[in-house]
Amino acid sequence: MTNTIKSIVKKTPLIKLYKFGRKKIEEYQEKKKYTKPIPSSLPNQLFIEITDHCMLKCIMCPRRHFKRGIGFMNIDLYKKIIDEVSQWPEPPTIMLVFLGEPLAHSEFIKFVQYAANKKVVVNTVSNGYVLTPRLSEEILNSGLERITFSLDAATKEVYDQIRIKSDWKRVIDNVNYLLNLRQKKNLKKPYIQVSFVIQDKNEHQVEDFINIWLPKVDVVYFQRVFDDLRDLTGRQMVERNLFNLTAEKRIPCYYLWNSMVVYWNGEVATCPPDDFGKNIMGDANKENLADIWKNELYQRLRNLHLNGQYGDEKFTFCKNCDYWRGYRLNKKTHLTINGIKVLKEENPLFISYNPIR
């Protein structure tokens with residue numbers, strides 16, 4: 001790191017350093033081909049699990065091993081959280097989803113509107129099963145920034161093998177209805193993207209999936225599948241030809257400096273891969289998120305990562321986890337697919353195709 005950057009780091013508060021320094025840090029990472037955690041005094045991404053209920057039984061979903069109770073977040077707890085983070089110097093992006101179907105919450109629209117009215121960006125992910133024309137209309141008027149539909153297949157035959165208890169035609173019709181309604185209303189938001197978790201049953205359909213959805217949506221997104229969660233101590237990726245998974249020197253996980261998760265009952269999880277509450281870091285019902293983020297448990301785990309230990313007798317979750325790979329600097333490529341100009345972004349965990357319109 002140059003003397004200029006060192007000087008800036010010493011003199012600048014972390015929250016300002018994050019905003020100013022990200023470009024410089026990425027330039028440094030690109031030169032060194034090595035990623036270090038980007039400093040942030042508060043999380044810039046906040047997952048809020050408004051429910052962990054889901055009507056589907058997808059074969060790759062961590063819910064196969066689910067042990068937490070099923071419930072729905074109380075809107076008063078949600079408002080407490082949003083009231084706090086909206087006052088942060090840099091409010092985080094809200095991911096209104098975790099281990100459940102957010103549209104199944106009867107107050108989903110109210111949740112989105114409350115945050116949007118306080119100028120907090122809200123994204124969500126849905127299986128599309130309970131989307132209706134009325135809900136589509138409400139979503140378009142809610143202030144939602146982005147919605148991702150998890151589809152995982154290009155045909156009904158493959159979809160039915162993966163997304164158990166769903167209905168291919170119903171879901172595809174629902175997604176297309178929302179896309180057409182947004183176009184009819186001449187709106188740009190919410191951005192609509194579709195996702196595909198690559199696994200044995202669908203990997204032959206990657207190209208077909210791109211061809212179907214690239215002309216319609218804002219992003220076509222692929223994720224590597226994970227294997228079974230080996231005693232729930234972490235997630236490891238299964239090798240796929242689409243990705244280049246190579247032996248790399250392990251680095252501290254970006255999530256510990258970037259992302260926070262609040263379960264529907266207010267418990268704060270270690271990080272986004274912690275679907276099961278392996279380590280609870282605090283309780284949003286009783287504490288401010290900023291205080292939890294800076295507490296002894298988080299600091300202990302961050303220090304373990306910085307010292308190259310990646311866990312101890314309490315924090316066993318990180319030892320076998322591969323999620324740290326997903327926040328290495330993206331490789332970006334400009335290409336043309338079926339006449340559409342596309343920005344392709346990829347790292348060892350994700351690949352996205354972004355049409356340039």
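Mentor: A disulfide is a covalent bond between the sulfur atoms of two cysteines. In this predicted model, a pair of cysteine sulfur atoms has to lie within 2.5 Å to be counted as a disulfide.

Trainee: How many disulfides does a search of the whole structure find, and how far is the sulfur of C253 from the closest cysteine sulfur?

Mentor: The search of the whole structure finds zero disulfides. For C253, the closest cysteine sulfur belongs to C321. The two atoms are too far apart for a bond, because the distance between them is 6.3 Å.

Trainee: Is C253 buried or exposed?

Mentor: A residue counts as buried under 20% relative accessible area. The value for C253 is 10%, so C253 is buried.

Trainee: What is the distance from C318 to the nearest cysteine sulfur?

Mentor: C318 takes part in no disulfide. The nearest cysteine sulfur is that of C271, and the distance is 5.9 Å.

Trainee: Is C318 buried or exposed?

Mentor: The cut-off for a buried residue is again under 20%. C318 has a relative accessibility of 8%, and therefore counts as buried.

Trainee: Where does H105 lie, and is H105 buried or exposed?

Mentor: H105 is placed in the loop between β2 (93–95) and α4 (108–117). Its relative accessible area is 5%, so H105 is buried.

Trainee: Which residues is H105 in contact with, leaving aside its neighbours within four places in sequence?

Mentor: A polar atom of the H105 side chain lies 3.0 Å from the backbone oxygen of M73. The H105 side chain also reaches the backbone nitrogen of E107 at 3.0 Å. With neighbours within four places in sequence left aside, the residues in contact with H105 are I50, F72, M73 and F111.

Methods: Residues numbered from 1 in each chain as written. Predicted model: local features only at pLDDT ≥ 70, side-chain atom pairs only at ≥ 80, totals over all residues. Heavy atoms only, no water. Helix = DSSP H or I, 4+ residues; strand = E, 2+ residues; numbered from the N terminus. Buried < 20%, exposed > 50% of the residue type's maximum accessible area, 1.4 Å probe, protein only. Polar contact = N/O pair within 3.5 Å; in protein donor to acceptor, adjacent residues only side chain to side chain. Contact = heavy atoms within 4.5 Å.
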